[in-house]
Amino acid sequence: MKLFQQITAILLIVLVFVGFDLSVYNIFTKRYINDTSEQMQAKSIELDKYLPFEENSEIVRIETDFKLTENLPVVDGAAALYPVFSGFVNAVYPKDSVIFDGENFTSESSLQYTNTLRAYKSVVDGGADIIFCAEPSQQQLDYAREQGVKLEFVPIGREAFVFIVNNSNPVDNLTVEQIKEMYSGKYTSWSEVGGDKSVIDPVQRIEGSGSQSVMMSFMDSTPMKKNPFGFIGRAIGFSFRYYVSGIVDNGGVKMLSVNGVYPDKENISSGQYPITVDFYAVYRKDNSNPNIDSMIEWILSDDGQQIVEKSGYIPVQKE
């Protein structure tokens, strides 16, 4: 009997520690796991849903007279823009130029997808000829300069930079200044911006990602601070509108109005929404591929801009 009680006591102690560990994981660790690692970045969208030359692909398809058959620029870019540049390839490139092995594009494929972080490195190192991304981080610009590379940035579309919260958050609108003060640490409770008494958890993205670079520019050199007690409160995050509303399954998430203006296409196109950013075709100035200029000229044409617009973005023609 005594032995049974001892064993029972030991098992109870083990269960208590297991329960404690699981609680720590769910409350602390899991919330801050780096889900923007290389592996997660590569899988942040379903590549096969937006493949070119596939009957059931969700890309925008158009007929165009402009075609490339040789000296094909290798293209790469950001997750949110993958459906756009996949649509470019579908319209202009030969079918056999894209090689997808069921999970990734092979090294021989003219269409690549490595996301913003690695796309900027790839264009500098010569792995990609044209990448489609938002503005680079200072670190990415420094890397190009260290390699003696000058990059050319050609705006090809415009997008809203949005802020997102859980659907249960009673806040639907913030001002630009309120957002900056939340991320700078001045505001620490949602009650200070019209919400409940929950702690503000200002979530950031991995350094060098397109959204983090834009956020740093938005903050205009004001340092961002993490709230050490954020895990017990309500989070606020940021991204690009199309990535939130059009690609990633965002159940339970809502986009906030900023300065009283909701980030829909009409408000972005009219200029009423206050935080919009250009996205670019980026290439090395010393790249000798003869089709880079003609490809970008076509992207800025009515046909290319039609893909931009029908993919959910604001074409540069309409600015």
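Helices (H or I, at least four residues) and strands (E, at least two residues) are DSSP runs, numbered from the N terminus. The structure is a predicted model, in which local features need pLDDT of at least 70 and side-chain atom pairs count only at pLDDT 80 or more, while totals for chains, interfaces and linings use all residues. Residues are numbered from 1 along each chain as its sequence is written, and side-chain values use heavy atoms, with hydrogens and water left out.

The protein contains eleven helices and ten strands. It has 319 residues, of which 48% count as buried. Here buried means under 20% relative accessible area, exposed means over 50%, and partly exposed lies in between (1.4 Å probe, protein chains only). The protein exposes about 16,200 Å², and carbon and sulfur atoms supply 52% of this area. Such areas come from the Shrake-Rupley method with a 1.4 Å probe; for residues, only the protein chains shown count as cover. A contact means heavy atoms within 4.5 Å. Among contacts between residues at least 6 apart in sequence, 75% join residues at least 24 apart.

Two strands pair if DSSP finds at least two bridges between them. Strand E2 (residues 130–133) is joined to E9 by three bridges, and the two run antiparallel. Within this pairing, Cys-133 stands opposite Tyr-280 of E9. Strand E3 also runs antiparallel to E9, with nine bridges joining them. Here the bridge partner of Val-154 is Ala-281 in E9. In a regular strand, the side chains alternate between the two faces of the sheet.

The loops deserve attention as well. Between strand E3 (151–166) and strand E4 (173–174) lies a loop that holds Asn-169. Is Asn-169 buried or exposed? Asn-169 counts as buried because its relative accessibility is 2%. When residues up to four places away in sequence are not counted, Asn-169 touches Trp-190, Arg-234 and Lys-254.

Another loop connects helix H2 (38–42) and strand E1 (75–77), and Phe-53 is found in it. Although Phe-53 is not a glycine, it has a positive phi of about 65 degrees. Asn-71 lies in the loop between H2 and E1. The phi of Asn-71 is near 50 degrees, a positive value in a residue other than glycine. With a relative accessible area of 44%, Asn-71 is partly exposed.
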